[in-house]
Amino acid sequence: MNNLNLILPEIFISLSVMFLLILGVFKKNSSQLTFNLSLVTILVAIILTVNETFSVNRIMLFNDSVVIDRMATLMKIITLIGGFLVLGISSNYLKTFKIFKIEYPILILSSVLGMMIMISSNDLMVFYMGLELQSLALYVLATFNRDQSKSSEAGLKYFVLSALSSGLLLYGCSLIYGFSGSTNFDVIANQLTSNEYALTFGIVFILVGLAFKISAVPFHMWAPDVYEGSPTTVTLFFTMVPKIAALTVFIRFLYVPFLNLIDQWQMIIVFLSIASMIFGAIAAIGQTNIKRLVAYSSIGHIGYTLAGLATGSNDGIQSSIIYISIYVVMNLALFSCLLMLKRNDQYYEDIDDLSGLSKNHPLLSLSLLIILFSLAGIPPLAGFFAKFYVFKAVIEQSMYFLAIVGLLSTVIAAFYYLRIIKIIYFDKEKEKYDSDHGLWLKFSLTFSTILILLYFIFPSQLIEVVSRISII
Amino acid sequence: MNFPILSSLILLPIIGALFLFFTRNKDGNNLTAKYVALFTTIVNFLISIYLWISFDQTTSSFQFVEERIWIKDFINYKVGVDGISILFILLTTFITPLCIVSVNNTVKNRLRDFLIAILIMESFMIGVFCALDLVVFYLFFEAGLIPMFLIIGIWGGPKRVYSAFKFFLYTLLGSVLMLVAIISIYWISGTTDVIALYELGIDAKYQNLLWLAFFSSFAVKTPMWPVHTWLPDAHVEAPTAGSVLLAAILLKMAGYGFIRFSLGLFPVASEVFTPLVYTLSVIAIIFTSFIALMQEDMKKLIAYSSVAHMGFVTLGIFTLQQQGIEGSILQMLSHGLVSAALFLCVGVVYDRMHSRLIKSYGGIVTIIPKYSILFMLFTLAALGLPGTFGFVGEFLILMGAFKDNFLVAVIASFGVILGAAYMLWLYKRVVFGKLVNEDLKQMVDLNRSEYLILTCLAVPTLFFGFYPEPLFNTIEVSVSDLINLHNLNIASK
């Protein structure tokens, strides 16, 4: 137990969650205080993570059931930063809907904690515990605006479908345990000798469960409804943070215990990837609600991330991580814009509400222009590089079919991004929106847009950080 | 290392655009904005003239090369010019200020944004012509889609949305395959540096597929038959300055790409696919000439004539003869000047009468004589009359083609006749004939800025028509080395 300092961030967050809960119960009107303290908590957790684990190469804890390596550290930092920004942005939105309650920051903290456990897990049990912790918090968050039937519906749908997928996942875990005699990833890797077909069943069940969590086609059905119904800030949280954790687990699960079975699972991932890319691109075309559209576009983007995973090489893993990092930034920027569409205490979410935005809000529309072209993957914006690395890794493995299908689906996807740009720039203008936004919103939009726009000047830095990750 | 002159050529318009962006105000003092943009582009033109003067014409190696680490162990930012690319840079920096002068007649709203788009466009176009790394080239090549999409979509005509989408998606579709090819080249050869790739060469067994991937991108951009349909739409709907940029420079990116990449990197495949290019070029020349004859819209007619002219260019490039390639380069330059001028000419009458239909004009020669004279000059240049710039390129291309393939050359020669037919017929219907439409009598002749622009275009059109020697001197060594390299590669296979 002499390495306990490595999980100091997790310990700190769990203690804070408990403390904040007690504080919220005993002190009246403490929502602002809880809110601020939660922000501080995440900030401290970021500092602790950087401080304690940044230089760690790979250390195992608790009978090898928790792993701290470079990937875990990087993904935790991204998760924490994501959680921090989402929490910061949320306050104005929640106040507008009069749901600014103590539970919100605490739930966000708990789900972040769950994700951090997922990211570090090296054991099926630990992984499942982390997963359930974050899911439970997310169910409640999805229904947070409980007076609106859509929000309740979203929460319920998410709960039912997610519970189903958790069941499948657990079944897969038990199959793997039964055939390999262990839940530990490293032990399973060593046990892989004979019963490979039986193990494949377990892998498939777990993959289905994980695909559910990251909403890859054909397990995506919950995403559009939940994204549309949840409060916008929660949707932002959905699109950014859980994906990072789920992707990390995906990588670890496929590459640590089951790398030798790559022939068995590679085709599944390729199928998930191609289906997500194509379906995400085509289904988004007909949408009228921006949040639904983002749901489909996130399905498509998950497809590209999976394409990197399907390669079975370190380059592929790294490209997936780069992709998800850039995607998180683009999503943050897009939702910051969406949260700025506010008039008389009402938020607007339809694509048509963007009509002629460029006349009255030139800066906001310019940011949207940059973000949307970046999401479409047009150079020289960051989104292009994300795709570029993924396809570089894919082509390296001579998977030309995947690369060509992927790139062709970017052309289809470009259509619906262009459609939004067309509505913003070419169509008739509507009423003005409020122009005074909170500092958080302004900051996150400016910060992320500049990152997207100027990424091409210094592309090496991100690669350098990511290139130190090696799983295989 | 010396002063990074090419990077400053690329950056200067962006700096101008940033300046315009940050000095925007509510009432929008548009005149200042225009002067700032004009000043930036003229300085850029002067720098490129200096570049041409200090360019060493006796060597075919790349000059003014700059190289910086961009993505470590992967891509370097590398730019440089040789005899072929320098002329395209000159063309770009020459046309852009003229576009900016022309806007006060055509663009009514959001002038400042329009100027920003044009300046950014100029940066990307210069970048395309001097990039010496495949990824850098792709970056500039694709990035140009964004400003052009906005130029067509925001300031275009009634069907602008359809045209902008068509333009964007067609070009993107062609280009993504090129991206696959570029990444594949990286894995095959370990580098995307063009100079290194020239020396290394690419294994013949990969060349055919790679060539086709590049071809899909360039063919759309050129545009070649049958993927040319985006061009007439884009031209018709784009504002005059946009059409000028599109015709004069954007189309040349593909021709340049054919010479630099298709010929340079894939010599064996170029030889294999020559019949394909010949067929498509000849169809483009004859077929689109007939279509041009049938057009009722002036801009559409000129757009189709562009397709036909670019057909000559691709034909010339793949003759793989000295004359053919030189002719193609000159044809691209002359088409850059002449088509720009023709679109401006259409713009002039459109601004006055708000109609592009041929039948709403006729007999304007007595009303606006100055315009008619200049229009005449460009019409003749477009059909390739000896003594104009248009003749030099077309003649050389046909000469190269006769050396290589007699039948193709004969068919292509009919294109010249057809070209004369549709251009002269257009001129006759618009300028001569009986004055039917009474409204035409109120037309005023060219104003000062229009006169200036058209004269600026007329001077080089005539000058290089009589004396193309300076251009030949610049491209000669580079082209002959390219062909030598090509023959060497073929012989060694």
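Visitor: In which loop of chain A is the place of Pro218(A)?

Guide: Pro218(A) sits in the loop between helix 8 (196-213) and helix 9 (222-229) of chain A. Helices (H or I, at least four residues) and strands (E, at least two) are DSSP runs, numbered from the N terminus. The model is predicted: local features need pLDDT of at least 70, side-chain atom pairs count only at pLDDT 80 or more, and totals for chains, interfaces and linings use all residues. Residues are numbered from 1 along each chain as its sequence is written, while chains are lettered from A and ligands numbered from 1 in the order in which they are written.

Visitor: What kind of peptide bond joins Val217(A) and Pro218(A)?

Guide: Most residues other than glycine have a negative phi, and most peptide bonds are trans. The bond between Val217(A) and Pro218(A) is cis, with omega about 5°. In chain B, a cis peptide bond joins Trp225(B) and Pro226(B), where omega is about 5°. Pro226(B) is in the loop between helix 9 (204-221) and helix 10 (230-237) of chain B.

Visitor: What is phi of Asn344(A), and where does the residue lie?

Guide: Phi of Asn344(A) is near 50°, a positive value in a residue other than glycine. Asn344(A) lies in the loop between strand 3 (342-343) and strand 4 (346-347) of chain A. Ser398(A), not a glycine, has a positive phi of about 60°; its loop runs between helix 16 and helix 17 of chain A.

Visitor: Is Asn344(A) buried or exposed?

Guide: A residue is buried if 20 or more other C-beta atoms lie within 10 Å of its own, exposed if 12 or fewer, and partly exposed in between, with C-beta atoms placed from the backbone. Asn344(A) has 7 other C-beta atoms within 10 Å and is exposed. Ser398(A), with 12 C-beta neighbours inside 10 Å, also counts as exposed.

Visitor: How many helices and strands does chain A have?

Guide: Chain A has 19 helices and 4 strands. The radius of gyration is taken over C-alpha atoms, and the globule rule is 2.2 Å times the number of residues to the power 0.38. Chain A has a radius of gyration of 21 Å, close to the 23 Å from the rule for 472 residues, so chain A is as compact as a globular protein of that length.

Visitor: How many residues of chain A are in contact with chain B?

Guide: Two residues are in contact if their C-beta atoms, placed from the backbone, lie within 7 Å. By that criterion, 23 residues of chain A are in contact with 25 residues of chain B. Helix 17 of chain A gives the most to the side of chain A that touches chain B, with 12 residues.
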